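Visitor: I would like to learn how to read a helix packing. Could you take me through one?

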Amino acid sequence: MQQALKQSEKLAHMGQLSAGIAHELNNPLGVVLMYSNILLDECKPDDPLRKDLELISTQAERCKKIVSGLLNFARKNQVKIEQINLKKLAEDSIAGVVIPKNIKTNIVCRTSNLMANVDYEQMMQVLTNLNKNAVEAMPNGGILSVIIEGDDNEVTISVSDTGEGIPEENMDKLFTPFFTTKGIGKGTGLGLATTYGIVKMHKGKIEVESNADKSKGPTGTTFKISLPRNSGINFSDNN
Ligand code: ADP
Ligand code: MG
């Protein structure tokens, strides 16, 4: 508990700091990107400067990805709590992610009460992050499942994959900002940190179960989000 509190305080501080930095970087970065692309357009294919310009442009693109990840991570602007149908949310989130042909998706509802008081945009961000990670963990194909369950007290949404799994030693670093195993230029390590912040904001919790060791059965990962049916956050908190 103590540990959990420390973690969320640390994330709140990091959120404020990164929002400030990301905001300041956004405009100058846009200018670098725009001018490098203008110069690239004017450059002949055999111009010796072309390679350098391409490097500026791709690296500025990369910075933009990090900055937009930071802005999402830090986003604390208007919370808009509404009654949302979680099945529809799950469908929308899967529709928004590029799913390769070798990955099957399914949505399973094990409760008749699919409604929850949540911020649609922010929960979309949560499910999108989890779906993307699931897809990225299954380069050779597999199954992505979103399972919605619930009782009178809480509703849970689990995102499960049959992918590579998470090694034991990485389990307690997952929600730390910038922790990524995807290599430079690929992952930002902000998806799960952002997810954690949004789930906390909804007074929910997030748990992970994973097996990366083939000798211990099928590999794969499940992220399970539990949201209280009555979180105490209500429509009047919208500001
Ligand atoms: P990113 O996707 O940019 O690396 P995330 O915060 O989304 O950052 O994830 C952090 C790390 O957690 C990933 O780099 C990966 O090592 C691990 N991870 C997250 N989800 C999964 C998953 N479904 N299967 C395997 N590893 C995962
Ligand atoms: Mg990710």
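Visitor: Which residues in H4 meet which residues in H5?

Guide: A word on the model before the answer: this is a predicted model, where local features need pLDDT of at least 70, side-chain atom pairs count only at pLDDT 80 or more, and totals for chains, interfaces and linings use all residues. Residues are numbered from 1 along each chain as its sequence is written, and chains are lettered from A and ligands numbered from 1 in the order in which they are written. Contact is counted when C-beta atoms, placed from the backbone, lie within 7 Å. On the H4 side are Gln 122, Gln 125, Val 126, Asn 129, Leu 130, Lys 132 and Asn 133, and they meet Gly 191, Leu 192, Thr 194, Thr 195, Ile 198 and Val 199 in H5.

Visitor: At what angle do the axes of H4 and H5 cross?

Guide: Two packed helices are described by the angle between their axes and the distance between the axes. Here H4 (residues 120-136) and H5 (residues 191-201) cross at roughly 145°, their axes coming within 9 Å. Axes are lines fitted to C-alpha atoms, for helices over the stretch in contact, with angles from 0 to 180 degrees between N-to-C directions. Helices are DSSP runs (H or I, at least four residues), as are strands (E, at least two), numbered from the N terminus.

Visitor: Is H5 mostly covered or exposed?

Guide: A residue is buried if 20 or more other C-beta atoms lie within 10 Å of its own, exposed if 12 or fewer, and partly exposed in between. H5 is mostly covered, with nine of its 11 residues buried, including Ala 193 and Tyr 196.

Visitor: Why is Lys 205 called partly exposed?

Guide: Because 16 other C-beta atoms lie within 10 Å of Lys 205. Lys 205 lies in strand S6 (residues 205-211) and touches Val 199 and Ser 226, leaving aside residues up to four places away in sequence.

Technical notes: Contact = placed C-beta atoms within 7 Å.
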